[in-house]
Amino acid sequence: MQKILIKLFVRDYENTGNIKVRESYGTLGSITGIVVNLILAVAKYIAGVISGSISVTADAINNLSDAGSSIISLIGVKLSAKPADKGHPYGHGRVEYISALAVSFVVLLMGIELFKSSINKITNPVPVKFNWISLIILVISILAKLWLGFFNKNLGKRINSAPMMAVMKDSFSDCLATSVALIAIIVSAFSDISIDGYLGLIVAGFILLAGFNI
């Protein structure tokens, strides 16, 4: 599917040294990230509301921040493709690194907010309700983020893009975070023990680590 998308949306896709081709690759990666993450954010939010799980809701907010990060990356791609001018005789390529830094700040901010929400859930615990819909949504989400991670890794290697490699790392980190939320749902089916807030802290930790690495 990755090759199909590249061939459909990137004209002259093998000429990765061309600035317009690089822009097309960046645009494809960013728009794909926006669409996938928005769909997952809505689905997980619904799952979080149904189950009453802070770790699932936190993961939904994380996907929403990822969609915002993809928008920032898209802006960076567009700006970096601008030709050289008097003020920038070597072009605007470094904007890609600035956009990667912006992505990291967004991820870190969301991690801090989710950390605070998880602490609140620990001090004011609410039982998590098990349901198959939430379970299926989380499993599909893990598979979707794995695909998105490898997709961005492929694009990033083709054009040597720092923002795309940053998104790839964030996607793989999201898989771990969603796995933790999945554990909270599974545990709720067999026990009344409230571990959701603690697992939410782990999710927040993954997010903070991803932001730091980016």
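1. Lys 20 and Glu 23 stand three residues apart in helix α2, a separation of about one helical turn. This is a predicted model, in which local features need pLDDT of at least 70 and side-chain atom pairs count only at pLDDT 80 or more, while totals for chains, interfaces and linings use all residues. Residues are numbered from 1 along each chain as its sequence is written, and side-chain values use heavy atoms, with hydrogens and water left out.

2. Side chains of opposite charge can pair when their charged atoms come close. A salt bridge is counted when a side-chain nitrogen of Lys or Arg lies within 4 Å of a carboxyl oxygen of Asp or Glu. Over the whole structure, the search finds five salt bridges. One of them joins the side chains of Lys 20 and Glu 23, at 3.7 Å from N to O.

3. Lys 20 counts as exposed, at 54% relative accessibility, whereas Glu 23 is buried, at 16%.

4. A salt bridge also links the side chains of Lys 145 and Asp 66, at 3.2 Å from N to O. Lys 145 belongs to helix α5 and Asp 66 to helix α3 (residues 54–80), so this pair ties together parts that are 79 residues apart in sequence. Both Lys 145 and Asp 66 are buried. Asp 66, Lys 145 and Asp 174 are linked in a network of salt bridges.

5. Glu 113 pairs with Lys 116 in a salt bridge, and their closest N and O atoms are 3.5 Å apart. Both residues lie in helix α4 (residues 95–123), where they are three residues, or about one turn, apart. Glu 113 is partly exposed, with 36% relative accessibility.

6. Which residues form the nonpolar patch on the surface? The members are Val 42, Ile 46, Ile 50 and Ile 133, which together have about 350 Å² of accessible area. Such areas come from the Shrake-Rupley method with a 1.4 Å probe, and for residues only the protein chains shown count as cover. Patch residues have over 30% relative accessible area and no salt bridge; like charges are joined within 9 Å, and nonpolar side chains (Val, Leu, Ile, Met, Phe, Trp, Tyr) within 5 Å. Helix α2 (residues 19–51) gives the most to the patch, with three residues. Ile 133 lies in helix α5 (residues 132–159) and is exposed, at 52% relative accessible area.

7. The axes of α2 and helix α6 (residues 162–190) come within 13 Å and cross at roughly 15 degrees. Axes are lines fitted to C-alpha atoms, for helices over the stretch in contact, with angles from 0 to 180 degrees between N-to-C directions. Angles under 35 degrees count as roughly parallel, over 145 as roughly antiparallel, 65 to 115 as roughly perpendicular and the rest as oblique; α2 and α6 are therefore roughly parallel.

8. Although Asp 12 is not a glycine, it has a positive phi of about 55 degrees. Asp 12 is partly exposed, at 47% relative accessible area.

Terms used
Helix = DSSP H or I, 4+ residues; strand = E, 2+ residues; numbered from the N terminus. Buried < 20%, exposed > 50% of the residue type's maximum accessible area, 1.4 Å probe, protein only.
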